[in-house]
Amino acid sequence: MRRWLFADQLGPHFLDGAHQPVLLIESKAVFRRRALHRQKAHLILSAIRHRAAELGDQAVHLKAETFRDGLRQYGEVVEVCHPTSRRARDFVRAQEKVTVLPPRGFVTSHEDFAAWADGRRGAARLDDFYRHARQAHGVLMDGDEPAGGRWQVRFNDAPHQTELPPPPAPVEDDIDAEVRDDLDRWAAEGIEFIGRDGPRQFPASRAEALDRQQHFLVHRLPHFGRTGEMLAGDPWLAHSGLSTSFNMGLLEPLPAVRQAEEEFRAGHAPLSSVERFTRQVIGWRDYLWHLYWYLDAGYPAGVRTPGRSSIPSWFATLDAESVQARCLSSALAAVRDRGWAHHAVRQAVLGNYAVQRGWRPTDMVDWFERAFVDGHEWVMIGNVAGMARHAELGSVTTEAHAVSGTHISRTSDFCGGCRYDPRQRAGTGACPFTGGYWAYLHRTRERLHGNVRMTRALKQLGQIPDLPEIVAQEHDRGDRAP
Ligand code: SF4
């Protein structure tokens, strides 16, 4: 039967055999419904069209106003792998001529995750799931024991700075030129985008994704997790830059971690880096995916709040120039210029600022999803809800993320050239992240009371003499660009 592929199901592992007939539909309504980053829109269309070109006569490629129109135009029965959002799942289930198959592109199945989580009676923790996945799939295992004797391998040395070659930039072709013309035309028709257009930065085909993966394995994996956390002049550090390729289905996670393991076994990459990469791919990524479905509509950030967005327009529209706080301006500029920033910037700067200001988690999920080329609802809900609820996702745990400017100062080179002082909580020159942190703790102290991770911070809060001044100052700052 012909297999309908969504734009995040484009790799060969979404087909049964190399010759299965394929249906690809471009829905213009996807771009009309919400303002996406221009480079995200480009990547989606470019990837669909590159796949159609690769498949040639094997694929029916339709351009339609909506998916419903596309299916009607095709007219025959098709099958589709389980889509990656609840909205799309509900849509495909409601179609008479569509058979829905189990999901692909992840390591652990829904059934396996549910059996594992059900057995934990509400304590479905990431660390535990990660061990389960390593054991179940035999990744980085020496018999029954984890390679090196520990599930999470600590680095023996301090983070170090190494100049690493950036990931190879894709070379744009005629398909990209056509996509750019179409998007220019759509923009002239009134379809809105955020961010700047620019040369495509991320793979749109399987071949490009494999090239980037290979480059990562050779050049960056040996340093993965070991370089400094945030540098204004280096957007990539040792990050893999593979998230778009995994999330568009161009790369398959299990073969990727097996290749990383081979690099370790061959002595080309240290266990600490390979274990951390493995944890990100078959631990954290799969865990977020499964929580999204396991908790379904009960997932706290999953229900969009109606009404006006709580996010101020300078932030929502990536207006980096209106921001003087160097870390925030730099983070917004990175997203504006490439639709991507690595996870430390997302958490410690962008997400942190939103948490401190109390912006609605649902609005942040929506923003991250639209502004980031690798943003999908299933990824962003877990990340944003974890940040916003300060590690209190009921029974499941995610990383806490409200931090002060002194943390940003310790983990980046942003503060040196900033007009604010990260140590200053109040007064002219007070860092908005430091003042904002204490004001946030003050505002949420009752909810945070009893959270063991916050005990020390709450004790410090009680000893700050100028707390009323800080709270008043941050109240006055409000949502103005800092
Ligand atoms: Fe950001 Fe504060 Fe550092 Fe400025 S001083 S870069 S606002 S953390």
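# Close-up views of a predicted model

**View 1. Leu318 is buried, having 21 other C-beta atoms within 10 Å.** Here a residue is called buried if 20 or more other C-beta atoms lie within 10 Å of its own, exposed if 12 or fewer, and partly exposed in between, with C-beta atoms placed from the backbone. The model is a predicted one, in which local features need pLDDT of at least 70 and side-chain atom pairs count only at pLDDT 80 or more, while totals for chains, interfaces and linings use all residues. Residues are numbered from 1 along each chain as its sequence is written. Leu318 lies in the loop that joins helix H12 (313-316) to helix H13, where helices (H or I, at least four residues) and strands (E, at least two) are DSSP runs numbered from the N terminus. The phi angle of Leu318 is near 60°, a positive value in a residue other than glycine. Most residues other than glycine have a negative phi.

**View 2. Leu140, in the loop between helix H6 (126-137) and strand E7, also has a positive phi.** The value for Leu140 is near 50°, and Leu140 is not a glycine. Leu140 counts as buried because 23 other C-beta atoms lie within 10 Å. Asp142, by contrast, belongs to strand E7 (residues 141-142) and counts as exposed, since it has 9 C-beta neighbours inside 10 Å. Between the C-alpha atoms of Asp142 and His376, which stand 234 residues apart along the chain, the separation is 35 Å.

**View 3. Glu163 is an exposed residue of the loop between strand E8 (145-146) and helix H7 (174-189).** Glu163 is counted as exposed because it has 6 C-beta neighbours inside 10 Å. Its C-alpha atom is 27 Å from that of Arg196, a residue that is 33 residues away along the chain.

**View 4. The shell around the ligand is made up of 15 residues.** The closest residues are Ala325, Gly405, Cys415, Cys418 and Cys431. Helices H13 (326-338), H17 (405-410) and H18 (432-448) each supply at least two residues of this shell, and H17 gives the most, with three. Sorted by class, the shell has eleven nonpolar, two polar and two charged residues; Ala, Val, Leu, Ile, Met, Phe, Trp, Tyr, Cys and Pro count as nonpolar, Asp, Glu, Lys and Arg as charged, and the others, Gly among them, as polar.

**View 5. Cys418, one of the closest residues to the ligand, sits in the loop between H17 and H18.** Cys418 is buried, because 20 other C-beta atoms lie within 10 Å. Cys418 and Ala325 are 93 residues apart in sequence, yet their C-alpha atoms are 6.3 Å apart in space. Leaving aside residues up to four places away in sequence, Cys418 touches Ala325 and Arg326, contact meaning that two C-beta atoms, placed from the backbone, lie within 7 Å.

**View 6. Ala402 occupies the loop between helix H16 (377-388) and H17.** With 25 C-beta neighbours inside 10 Å, Ala402 is counted as buried. From C-alpha to C-alpha, Ala402 is 22 Å from Leu291, and the two residues are 111 apart in sequence.

**View 7. The largest nonpolar core has 116 residues.** Such a core is a set of buried Ala, Val, Leu, Ile, Met, Phe, Trp, Tyr and Cys residues joined through C-beta atoms within 7 Å. Ala331 and Val349 have the most contacts inside the core, and the largest share of the core, eight residues, comes from helix H11 (residues 271-294). Not counting residues up to four places away in sequence, Val349 touches Cys327, Leu328, Ala331 and Ile408.

**View 8. The axes of H18 and helix H20 (residues 467-477) cross at roughly 110° and come within 9 Å.** Because angles of 65 to 115 degrees count as roughly perpendicular, under 35 as roughly parallel, over 145 as roughly antiparallel and the rest as oblique, H18 is roughly perpendicular to H20. Pro432, Gly435, Gly436, Trp438, Ala439 and His442 of H18 make the contact with Leu467, Ile470, Val471, Gln473, Glu474 and Arg477 of H20. These contact residues divide into six nonpolar, four polar and two charged. Axes are lines fitted to C-alpha atoms, for helices over the stretch in contact, with angles running from 0 to 180 degrees between N-to-C directions.

Key. A residue is near a molecule or strand if its C-beta atom, placed from the backbone, lies within 6 Å of it.
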